[in-house]
Amino acid sequence: MSDPADGGTTDHPLPGYRLSAQGRQRVEDERLSLLEQLFDPISRQRRVGVRPGWRCLEVGSGRGSMAVWLAEQVGPTGRVVATDVDTTYLNRLDLPNLEVRRHNILTDSLDSLGPGSFDFVCARLVLFWLAGKQEMALRRMVECLRPGGWLLDEDGDWGMVAPVDPSHSHYTFYHRAWKNGDWWTARGYDPAFGRTLPMLFERCGLINIHHEASASVVRGGSPWGQWWLQSLEGIRASEQADGSLTEERDQEYRVLTAPLTDPSFWFLNALIHACSGQRPSP
Ligand SMILES: C[S@@+](CC[C@H](N)C(=O)[O-])C[C@H]1O[C@@H](n2cnc3c(N)ncnc32)[C@H](O)[C@@H]1O
């Protein structure tokens with residue numbers, strides 16, 4: 001049966017979010033905390049245009065560090081709404097101009113957020129997971145913007161995470177398991193999703209589109225290596241829970257995670273894209 005929550009387009013359930021905090025609150029808190037330490041510095045730079053008095057919406061806020069930072073930028077005359085399907089971590093935040101809402105960007109009504117009312121709408125590392133439904137999510141985010149308001153999304157080409165030294169003992173085994181990023185395709189995700197953002201923004205009617213992308217080569221044992229290890233372990237746990245962890249997959253996890261604590265293992269850490277665009281004024 002076709003499921004309307006999946007966009008009604010398929011007879012197979014679409015994959016959805018794989019790092020839910022349910023049953024693993026403490027480790028996911030740690031993983032999201034490390035994510036914030038790694039990504040916040042550049043994410044702040046990308047939001048420097050946010051002005052005092054603005055109304056901002058952050059979709060899929062996670063632990064909320066960027067929502068808190070936005071609340072500081074907009075000041076007492078502005079307002080930030082931070083949403084997530086799971087508000088476990090956001091509920092700890094207590095700022096007078098920051099409102100937390102449990103909200104699914106794909107299925108919940110936009111009326112509770114205020115369609116057409118936000119100067120700035122953003123999301124970070126959320127859309128990748130909404131495989132097959134990213135355009136729908138973006139259209140709904142655009143609906144929340146006031147005419148002239150700005151949308152920003154940051155997301156990865158997560159299939160690009162790969163070792164750089166062919167002579168390293170882990171290199172061949174890693175590539176055999178990773179299959180040039182098709183490790184993700186086998187799970188229903190687009191390993192090169194991030195690079196599609198400018199096209200999706202244009203399809204959703206945005207103008208003045210700006211895009212940039214960056215990646216670094218890092219080593220096993222670095223904060224990025226640690227975060228990637230925690231992320232793969234979280235995905236493995238979700239596959240174990242839903243019964244999709246075959247022996248072959250489990251072996252692949254061992255191959256992909258073993259080098260992440262080895263400082264002699266250098267790898268490209270994924271191309272992270274940032275795309276912004278403006279809702280046209282009438
Ligand atoms: C990788 S985390 C990123 C958290 C935060 N944006 C950050 O960068 O620190 C993805 C977040 O998206 C949330 N999420 C997943 N699907 C969602 C949906 N359909 N609507 C709203 N939030 C969603 C998850 O619960 C999770 O908190």
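Before sorting any residues, I note that Ala, Val, Leu, Ile, Met, Phe, Trp, Tyr, Cys and Pro count as nonpolar, that Asp, Glu, Lys and Arg count as charged, and that the others, Gly among them, count as polar. I also keep in mind that this is a predicted model.

**Entry 1, the pocket.** I looked up the largest pocket and found a volume of about 980 Å³. Its lining is made up of 48 residues, and those nearest its centre are Tyr 17, Asp 84, Val 85, Val 126 and Trp 129. When I sorted the lining by class, I got 25 nonpolar, 13 polar and 10 charged residues.

What takes up the space of the largest pocket? I found that the ligand does. Around the ligand I listed 16 residues, of which Gly 60, Asp 84, Asn 104, Ile 105 and Arg 124 come nearest. By class, this shell has 8 nonpolar, 5 polar and 3 charged residues, and its largest share, 3 residues, comes from helix α1, which spans residues 25-46.

For Asp 84, a polar side-chain atom lies 2.5 Å from an oxygen atom of the ligand, while for Arg 124 an N or O atom of the side chain is 2.6 Å from a ligand oxygen atom. For Asn 104, I noted a polar side-chain atom 2.9 Å from a nitrogen atom of the ligand. Finally, I looked up the cover: of the 590 Å² of accessible area that the ligand has on its own, the protein covers 95%.

How values were computed
Residues numbered from 1 in each chain as written. Predicted model: local features only at pLDDT ≥ 70, side-chain atom pairs only at ≥ 80, totals over all residues. Heavy atoms only, no water. Near = heavy atom within 4 Å. Polar contact = N/O pair within 3.5 Å; in protein donor to acceptor, adjacent residues only side chain to side chain. Areas by Shrake-Rupley, 256 points an atom, 1.4 Å probe, with all protein chains shown as cover. 1 Å grid on protein atoms, 1.4 Å probe; cavity = no way out; pocket = protein on both sides within 12 Å on 5 of 7 lines; lining within 4 Å. Sits in = over half its atoms within 2 Å of the grid points. Helix = DSSP H or I, 4+ residues; strand = E, 2+ residues; numbered from the N terminus. Points joined across faces, edges and corners; volume = space filled by probe spheres on them.
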